[in-house]
Amino acid sequence: MTNSIFLPDHKEQPFWWEGAPRPADDNAVLPASADVVIIGSGYTGLNAAIETARAGRHTVVVDAEAAGWGCSSRNGGQVSPSLKWSYHELVDKFGPELGYEIAREGDAALKWIGAFVEGEGIDCDFQRVGRFHGAHAASTYEGLATRNLKEVPDDIKLEAHMVPKSELRSEMDTDYYHGGIVFPHHCSLQPAKYHLGLLELATKAGAEVVSHCKVEGINKEGAGFAVNTTKGVIAAKEVIVATSGYTGRTTPSLMPWHRRRIIPIGSYIIATEPLPEEQINRLMPKNRVNSDTRKMVVYYRQCHEGKRIVFGGRVAISESSASKAAPDLHKEMCRIFPELANTKISHSWMGFVGYTFNSLPHLGVKDGIHYSMGYCGSGVSLASYFGKRIGQRVLGKKEGIRPLEKIKFETRPFYNGKPWFLEPSIAYFRWKDGRA
Ligand SMILES: Cc1cc2nc3c(=O)[nH]c(=O)nc-3n(C[C@H](O)[C@H](O)[C@H](O)COP(=O)(O)OP(=O)(O)OC[C@H]3O[C@@H](n4cnc5c(N)ncnc54)[C@H](O)[C@@H]3O)c2cc1C
């Protein structure tokens, strides 16, 4: 595939920024001290800030880049319970009590974010569209039912129904899938608009957001901390680390304990040029968010205005640039919708999601520093929900202490934040997808 798949004015930046540009450099000055300093201005950091600032704590959020520059303005805008493990898998791993408590977190995060966005009136095109999760092979169709339709406790039951191949056209105009499953309660939103909405709530509550202010060191000082940044030093009573997939990326010496526990993995996305209304509504008649059973994840949807397809996934064996990954994403999109072969790409971009060794997010306190991170590629609801919780934890509220804190935040011998094992793992997943 040549560069001809790109529009002449193709941009290597998130399509979402067109309607919700990153705030211009505000030249904000770093105060000398604060009650709470939050590192990272994505969904985790801002939801924590809303909580602490509303409780009257002088809160300062710093980010090495523009506000929300990380995953929180780059993602696919698909909103789900987000935990990688099902209720039954969690019970097998952690026993009936803790397994249930963790499963409930995913469910609670999904319910909470809808109520939060609507309750606060955040203008972010939040839509309860449901998810179609396709079976890429006949063998994975049965597995979908076994995994998702087993009995679970009533209070965490999430409605779902199977769609056999004979009814696939009701969900999508493709022959690619062998049927699939629908989760009617999953949602979509415009991620960068959601981020700007959070920014407005945080600043209205009194939080200061200082962008282009990279943290280079955190030292214990008296009962609190001295946080060294490129804009000076700030004394903090409490510190929250909300850097997820970017943990230690620019400053490897910062937070080495966390860096050894987070696996940064590039996720790549393209947006197509606007499609004719008839075509996009025929390809995805229910405007759902979509994904499938391949281990090499793909996720796609109509954009918030229903004009373009936004198609993302992990397509490269090793890390790549957004425009280099774009032809492979285009190929994947055409595998599902062959008629898009001549459709051009208007935007391509990428971001680093934070994975963990047990595929679960982690939050808690290490050496007096609060953290929440590792949403494993699906953090719209979880980062928001746990951001709020970590803010509550700083305030000393019991709701801030979560069941996931009982799970060990694992690392591996010789792992220092550079995932050398990514390439062989991805090659294996590709091989497995081909054999399913
Ligand atoms: C391409 C892509 C698609 C995705 N699609 C989905 C999806 O459809 N649904 C879903 O649920 N999730 C999705 N995700 C994941 C989701 O976006 C993230 O889990 C979530 O946004 C994480 O939020 P966060 O606030 O923890 O981290 P981020 O938003 O990544 O913010 C971390 C911030 O920390 C800052 N930082 C790092 N180091 C420092 C430092 N030393 N000093 C100061 N600042 C620092 C960074 O600049 C960055 O802005 C996707 C992610 C990507 C990249």
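Guide: Let's begin with contacts: two residues are in contact if their C-beta atoms, placed from the backbone, lie within 7 Å. In the protein chain, take the contacts between residues at least 6 apart in sequence: 74% of them join residues at least 24 apart. Keep in mind that this is a predicted model, where local features need pLDDT of at least 70, side-chain atom pairs count only at pLDDT 80 or more, and totals for chains, interfaces and linings use all residues. Residues are numbered from 1 along each chain as its sequence is written.

Visitor: How many helices and strands are there in the protein chain?
Guide: Both come from DSSP runs, numbered from the N terminus: helices are H or I with at least four residues, strands are E with at least two. The protein chain has 10 helices and 19 strands.

Visitor: What does the radius of gyration say about the protein chain?
Guide: The radius is taken over C-alpha atoms, and the globule rule is 2.2 Å times the number of residues to the power 0.38. For 436 residues a compact globule would come out near 22 Å, and the protein chain, at 21 Å, agrees with that. Along the principal axes, its C-alpha atoms fill a box of roughly 65 × 55 × 45 Å.

Visitor: And what share of the residues is buried?
Guide: Count the other C-beta atoms, placed from the backbone, within 10 Å of a residue's own: 20 or more is buried, 12 or fewer is exposed, and in between is partly exposed. Buried residues are 49% of the 436 in the protein chain.

Visitor: Where do Ser-82 and Ser-359 sit?
Guide: Ser-82 is in the loop between strand 4 (78–79) and helix 2 (87–94), and its phi is near 75°, a positive value in a residue other than glycine. Ser-82 counts as buried because it has 23 C-beta neighbours inside 10 Å. Ser-359 lies in the loop between strand 17 (345–355) and strand 18 (362–366). Ser-359 also isn't a glycine, yet has a positive phi of about 60°. With 14 other C-beta atoms within 10 Å, Ser-359 is partly exposed.

Visitor: How do helix 3 and helix 9 cross?
Guide: Axes are lines fitted to C-alpha atoms, for helices over the stretch in contact, and angles run from 0 to 180 degrees between N-to-C directions. The axes of helix 3 (residues 96–120) and helix 9 come within 9 Å and cross at roughly 85°. So helix 3 is roughly perpendicular to helix 9; that label covers 65 to 115 degrees, with under 35 roughly parallel, over 145 roughly antiparallel and the rest oblique. On the helix 3 side, the residues that meet helix 9 include Ala-108, Leu-110 and Trp-112, and their partners include Leu-382 and Tyr-385. By class, this contact has 7 nonpolar, 2 polar and no charged residues. Here Ala, Val, Leu, Ile, Met, Phe, Trp, Tyr, Cys and Pro count as nonpolar, Asp, Glu, Lys and Arg as charged, and the others, Gly among them, as polar.

Visitor: Which residues come nearest to the ligand?
Guide: A residue is near a molecule if its C-beta atom, placed from the backbone, lies within 6 Å of it. Of the 46 residues around the ligand, Gly-42, Gly-70, Gly-76, Gly-351 and Gly-379 come nearest. Helix 1 (43–54), strand 13 (263–272), strand 17 and helix 9 (380–394) each give two or more residues to this shell. The shell has 18 nonpolar, 23 polar and 5 charged residues.
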